[in-house]
Amino acid sequence: MKKLIFVMLISWVFVGCAAPEGKNSENHDRLVIYDCTNGESLSVRFLPERQSAELLRHGVSIDLQQKPSGSGFVYSNGPNTIRGKGAELVVEIGRMIPLRCQAR
């Protein structure tokens, strides 16, 4: 019985320390690494307080501004756009064929 209470107490402490999925966690910068269908990896740093994101691909950083989206997210600076929902990401760079990527 004491072991059960101890395990429950430890679980409660860890759950209490976890970042909530609600409003507070959305206000912090978040770096997500993606693996794409062409074999490359890229990362996106989401900056909610600035309503922007930074795409890092091949050592080049591209700043993107958040755009309205009916579902998921969209960030763009004109010729470069990322859009996604959940763990999926589509990267559109100029006239290149869009890259399809999945978060690790």
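Predicted model: local features only at pLDDT ≥ 70, side-chain atom pairs only at ≥ 80, totals over all residues.
Local features were taken at pLDDT of at least 70 and side-chain atom pairs at pLDDT 80 or more, while totals for chains, interfaces and linings use all residues. Numbering runs from 1 along each chain as its sequence is written, and side-chain values rest on heavy atoms, with hydrogens and water left out.

Confidence comes first. The protein chain has a mean pLDDT (the predictor's confidence in each residue, from 0 to 100) of 83, and 75% of its residues reach 70 or more. Residues 1-24 have a pLDDT below 50, and this stretch makes 2 contacts (heavy atoms within 4.5 Å) beyond near neighbours in sequence.

We can now turn to the strands (DSSP runs of E, at least two residues, numbered from the N terminus). Pairing requires at least two DSSP bridges between two strands. Strand β8 (residues 99-103) runs antiparallel to β1 (residues 30-36), joined by 3 bridges, and is also antiparallel to β7 (residues 88-93), through 4 bridges. At Gln-102 in β8, Asp-35 stands opposite, and Glu-88 has Gln-102 as its bridge partner. A hairpin is formed by β7 and β8 with 5 residues between them, and Gly-94 in the turn shows a positive phi of about 55°.

Asn-80 lies in strand β6 (residues 80-85) and is buried (under 20% relative accessible area, 1.4 Å probe, protein chains only), at 12%.

Methods. Buried < 20%, exposed > 50% of the residue type's maximum accessible area, 1.4 Å probe, protein only.
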